[in-house]
Amino acid sequence: MNPKVVNKIATGVIYGLVILVVAILAALIGYILVTGVPHISWHFLTSPAQSFLAGGGIRDQLFNSIYLLVLTLIISFPIALGAGIYLAEYAPKNWFTEIIKTTIEVLSSLPSVVVGLFCYLLFVVQMRMGFSILSGAIALTFFNLPLLTRNIETSLESVSSLQREAGLSLGLSQWKTITGIILPAAVPGIITGIILSAGRVFGEAAALIYTAGQSAPFVDYTNWNIFSDTSFLNPLRPAETLAVHIWKVNSEGITPDANAISSGSSAVLIIVILLFNIFAHWIGNRLYKKMTSSK
Amino acid sequence: MKNYNLNQQYVRDFAVENAIEAHHVNVSYGEHQSIFDVSLSFPRFKVTAMIGASGSGKSTFLRSINRMNDNVATVDGDIMYRDVNINDDKINVYELRKHIGMVFQRPNPFAKSIRENITFALKKHGIKDKKELDQRVETSLKEAALWDEVKDKLDESALSLSGGQAQRLCIARAIAMKPDVLLLDEPASALDPISTSKIEDTLNRLKEKYTIIIVTHNMQQASRMSDYTAFFHQGHLIEFNKTSHIFTRPKMQATEDYISGNFG
Ligand SMILES: Nc1ncnc2c1ncn2[C@@H]1O[C@H](COP(=O)(O)OP(=O)(O)OP(=O)(O)O)[C@@H](O)[C@H]1O
Ligand SMILES: [Mg+2]
């Protein structure tokens, strides 16, 4: 066949596949938004959930999801950063490093129910942390760590080794070269990793049922004392997230408007994830520009 | 490839002050030895060119002079700089690299502003005074003949510079450290002829203040720019002499074949 024709066919097939993927995504998101958005109202976003009556909202679940994300990132990001820097810059290339990398990969492919139950036994029961945001954040850290570590590692590795040589040849130590030159150049890649892991945290339900719990007790949004039982910031209170709420409403919801609540919650979840994406990109761009003074 | 007797060499000794003196240097990458018993001195405030075919060990030898081979290769032998053996384990390599700067084949500016490319390392070495930093930025950029082109955009990203400009920025970055010796590994080979001639002009002006050691594949460049030339072949130093002698009356057959293009 003539190369031009082959090229045309190949491009056509690739375009077709891309359109297919985009179409599936658009259909999914479109369906969720179309069925869900009509149920979103100010009242829906700002009132607590109801167990038996119609008219419940998702205020606490929405906040819990975001708070859980923040806590998870606070725990997992520093660890992942350290591990990523070690693997990318310091680890010798030998069998031991390979074992570490494989272990990390295995960790990321563990079923979430298993990790959830493990964390339930270890943290919730053994360490008496109870159903709490903190237990949930630790469980999610198990998923997050491999993802973030891998991502930071590859982002650092993708920065040209010429930059490392330049740093060293100016008499900078390896550590100063990494923190001052390599890391800033890797920021965009790292932001992408955070966004991906955030999506996972927002969407995770199975691992949270046994750790963060399925109840959203009364919390007071004006109580800033994180040690107080009713404070919204208390990390040791049980906290049903939006994803868990959707699962629960769908499986055992007995309110008359269970369907509407589940559709509305799904739409809110999608919108929050989209907003977080935009926000993280924006922060990442500003950070990158600030650190590299690129325009 | 023709076979030459690698143990025969012609290395002239000049009664001049040397910036660097290497004695019996051997370099190996693991099992693979790349530099064999090279003894070579680089006269102070002069330009010495290192020439030789690809893989002859020029970069390997050059990188031994500022310890860039640490963790990459094993370097044996003595390399004397100001009466200290800088190939000693006890040497503070970070301090050493302030005195012996390096410019690489591919321009490698940092993903930072033009100004910060120069000030970043200075700050890390403890220079905090804003006036001093500004002064160093201006002087080094002027010395590198880049000032006029960038003085109005010092705070823009260095990644927006052309290849030739970026390479001159790397030269400025190296000389802002006020080094004694400047090592250049094919600094112009990735550039177009106009940028190349600008780099050559820059280096010609720098040689009054620095000892320059430059690796190059370009014979004209070597003969135009350098005072002394060292010819390497398969990890051996074959000939070292004044550049004018090397290019007009080479003593060794290998050198003659290489510079006349009859090599291999
Ligand atoms: N990082 C490395 N690891 C292993 N071997 C290397 C490494 N760098 C260079 N070598 C080997 O050392 C020898 C000399 O290489 P070197 O780069 O010093 O040559 P060169 O004269 O600079 O060549 P070129 O003109 O192509 O830059 C070659 O045989 C090369 O394969
Ligand atoms: Mg080389």
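Helices (H or I, at least four residues) and strands (E, at least two) are DSSP runs, numbered from the N terminus. By this assignment the elements of chain A run, from the N terminus on, α-α-α-α-α-α-α-α-α-α-α. This is a predicted model, in which local features need pLDDT of at least 70 and side-chain atom pairs count only at pLDDT 80 or more, whereas totals for chains, interfaces and linings use all residues. Residues are numbered from 1 along each chain as its sequence is written, chains are lettered from A and ligands numbered from 1 in the order in which they are written, and side-chain values use heavy atoms, with hydrogens and water left out.

**View 1. Chain A is built of 11 helices and zero strands.** The C-alpha trace of chain A spans about 70 × 60 × 40 Å along its principal axes.

**View 2. Helix H3 (residues 59-90) of chain A packs against helix H6 (residues 133-157) of chain A.** The angle between H3(A) and H6(A) is about 40 degrees and their axes are 6 Å apart, where axes are lines fitted to C-alpha atoms, for helices over the stretch in contact, and angles run from 0 to 180 degrees between N-to-C directions. H3(A) and H6(A) are therefore oblique to each other, since angles under 35 degrees count as roughly parallel, over 145 as roughly antiparallel, 65 to 115 as roughly perpendicular and the rest as oblique. H3(A) passes H6(A) in a right-handed crossing (left-handed if the near helix is turned anticlockwise from the far one by less than a right angle, right-handed if clockwise). The residues of this contact between H3(A) and H6(A) comprise 22 nonpolar, eight polar and three charged (Ala, Val, Leu, Ile, Met, Phe, Trp, Tyr, Cys and Pro count as nonpolar, Asp, Glu, Lys and Arg as charged, and the others, Gly among them, as polar).

**View 3. Helix H4 (residues 95-109) of chain A crosses H6(A) at roughly 135 degrees.** The axes of H4(A) and H6(A) come within 8 Å, and the angle makes H4(A) oblique to H6(A). H4(A) passes H6(A) in a left-handed crossing. In H4(A), A:Lys101, A:Ile104, A:Glu105, A:Leu107 and A:Ser108 meet A:Phe142, A:Pro146, A:Thr149, A:Arg150 and A:Glu153 of H6(A), contact meaning heavy atoms within 4.5 Å. By class, the contact of H4(A) with H6(A) has four nonpolar, two polar and four charged residues.

**View 4. Chain A and chain B share an interface with one salt bridge.** In this interface 22 residues of chain A are in contact with 25 residues of chain B. The area buried between the two chains is about 2000 Å², of which carbon and sulfur atoms give 60%; buried area is the accessible area (1.4 Å probe) that two parts lose on being put together, summed over both. The side chains of B:Arg63 and A:Glu165 meet in a salt bridge at 2.7 Å, N to O, the term denoting a side-chain nitrogen of Lys or Arg within 4 Å of a carboxyl oxygen of Asp or Glu.
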